[in-house]
Amino acid sequence: DLASILKTCAYNNFTIPFEHTIHIAMQVCSGLHHAHSKTDESGTNLGIIHRDVSPHNVLVSYDGEVKVIDFGVAKASVKLTNTMSGIIKGKLLYMAPEQAMAKPLDPRADLFAVGLVLYKMTTGRLPFEGENEFQVYNKLVAGKVMSPRKVNPAIPEGLDRVMVKVLSKKPSGRQSDAMAVRNDLSAVLQGLDPGYTASRLARFMETYFPPPPINTGESEAVAATQGAGQDGSQTQPDTPAPSLSLGA
């Protein structure tokens, strides 16, 4: 999951290259657009809103695929049960202001969360951090977002503009839907790295976040046999290729 990737990056003082962050965000937008535009058999929009878009709910595969998961707190207009008035669901650090204030939501609340995920990937921090939830809530409700480029000057100007727009306090100031955000990001990626494909993300994952080896009794026995010298003594295995150290 993206949260684990970001933890490891922070532990090693390392950031995900911008082309990968943009691609990841684009694919998240594609998944959200599919959910937001989902209809029933009669063509009526189901009104699905994820409400919990965060790095914990974004998976990155070793094939370069990106998946949005855990619609457990998703809101749908056709749900048989309704959330009680005033109840806030989701992670406070990745909420839109209107969601934190328990106001009526539309899909643009998820777009704000995508902007927060992008902010975290590109700067290593969030715009509404605090020592406790009360401070976070007050900053979130105020909705004042510092330009990402002021935190990390290396962020491309085009990406900064997309993020600032999607992080508008009022939903009306954001892009109209998830596909609009995806198109804006696609234009930035095209200018930054023309010809980018998901295979690049796959190589990045294999290089810096290799999957742990699968140990079986048979493989361990073979390794022990191969590691033994003619006199029965053990020889040292080859030194593994260096990689990022896992965080806590």
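Over which residues does pLDDT stay under 50, and how many contacts beyond four places in sequence does the model have for them?

**Entry 1: confidence**

I noted that this is a predicted model, in which local features need pLDDT of at least 70 and side-chain atom pairs count only at pLDDT 80 or more, while totals for chains, interfaces and linings use all residues. I number residues from 1 along each chain as its sequence is written, and side-chain values use heavy atoms, with hydrogens and water left out.

I looked up pLDDT, the predictor's confidence in each residue, from 0 to 100. It stays under 50 over residues 80-86. For residues 80-86 the model has three contacts beyond four places in sequence, a contact meaning heavy atoms within 4.5 Å. Over residues 232-242 the pLDDT is also below 50, and that stretch has six contacts beyond near neighbours in sequence. Where pLDDT is low, the predicted coordinates should not be read in detail.

**Entry 2: the chain as a whole**

I found 10 helices and two strands in the protein chain. These are DSSP runs numbered from the N terminus: helices are H or I, at least four residues, and strands are E, at least two. Along the sequence the pattern reads α-α-β-β-α-α-α-α-α-α-α-α.

The protein chain has 248 residues, and 39% of them count as buried (under 20% relative accessible area, with a 1.4 Å probe and protein chains only). Among contacts between residues at least 6 apart in sequence, 66% join residues at least 24 apart.

**Entry 3: Phe18**

I located Phe18 in helix α2. Why does Phe18 count as buried? Phe18 counts as buried because its relative accessibility is 18%. Beyond residues up to four places away in sequence, Phe18 touches Thr122, Asn152, Ala154, Ile155, Pro156, Leu159 and Leu192. Of these I checked Ala154: its C-alpha lies 9.3 Å from that of Phe18, although 136 residues separate the two in sequence.

**Entry 4: helix α2 against helix α9**

I then turned to α2 (residues 18-36) and α9 (residues 198-208), which pack at an angle of about 115° with their axes 10 Å apart. Axes are lines fitted to C-alpha atoms, for helices over the stretch in contact, and angles run from 0 to 180 degrees between N-to-C directions. I listed the residues that make the contact: Glu19, His20, His23 and Ile24 of α2, with Ala198, Arg200, Leu201 and Phe204 of α9.

Definitions and conventions:
Buried means under 20% relative accessible area, exposed over 50%, partly exposed in between (1.4 Å probe, protein chains only).
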